[in-house]
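Work through the following exercises with the sequence and the model side by side, and try each task before you read its solution.

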Amino acid sequence: YVFMRLMRFVAQHARYVGIGRLLITTHPRHMPFYERLMGFQRCGGETKHPSVCDAPAVAAFLDFEEIDQNPP
């Protein structure tokens, strides 16, 4: 619950300051959450992320114009 509210606040603030897309990396097993509930789209394949001991990671973006037209 707290995480969802925090993510919503981040997105609202990004829109307020004029950002058109958010970019994240997450563990592949968490990707369905971001796709289904928040509307993120994958960009690229799975890679190893050195900042977290080479754990697998997937990049994704949230395009605000597209979300306005097709909400998740």
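The model is predicted, and the exercises begin with Phe 9, which is found in helix α1, a helix that covers residues 2-16.

**Exercise 1.** Decide whether Phe 9 counts as buried or exposed.

*Solution.* Begin with the cut-offs, by which a residue is buried under 20% relative accessible area and exposed over 50%. Phe 9 has a relative accessibility of 53%, and therefore it counts as exposed. Next, look at the surface around this side chain, where Leu 6, Phe 9 and Val 10 form a nonpolar patch whose accessible area is together about 290 Å².

**Exercise 2.** Find which residues have the most contacts inside the largest nonpolar core, and which elements give two or more residues to this core.

*Solution.* The largest nonpolar core has 14 residues, and those with the most contacts inside it are Leu 22, Met 31, Tyr 34, Phe 40, Leu 62 and Phe 64. Two or more residues of this core come from each of α1, β1 (21-26), α2 (31-38), β4 (55-63) and α3 (64-69).

**Exercise 3.** Describe what Arg 21 touches beyond four places away in sequence.

*Solution.* First locate Arg 21, which lies in strand β1. Leaving out residues up to four places away in sequence, Arg 21 touches Phe 61, Leu 62, Asp 63 and Phe 64. With Asp 63 there is a polar contact of 2.9 Å between the side chains. Finally, compare sequence with space: Arg 21 and Glu 65 are 44 residues apart along the chain, while their C-alpha atoms are separated by 8.6 Å.

Terms used: Residues numbered from 1 in each chain as written. Predicted model: local features only at pLDDT ≥ 70, side-chain atom pairs only at ≥ 80, totals over all residues. Heavy atoms only, no water. Patch = residues over 30% accessible without salt bridge, like charges linked within 9 Å, V, L, I, M, F, W, Y side chains within 5 Å. Areas by Shrake-Rupley, 256 points an atom, 1.4 Å probe, with all protein chains shown as cover. Salt bridge = Lys/Arg side-chain N within 4 Å of Asp/Glu carboxyl O. Helix = DSSP H or I, 4+ residues; strand = E, 2+ residues; numbered from the N terminus. Buried < 20%, exposed > 50% of the residue type's maximum accessible area, 1.4 Å probe, protein only. Core = buried A, V, L, I, M, F, W, Y, C linked by side-chain atoms within 4.5 Å. Contact = heavy atoms within 4.5 Å. Polar contact = N/O pair within 3.5 Å; in protein donor to acceptor, adjacent residues only side chain to side chain.
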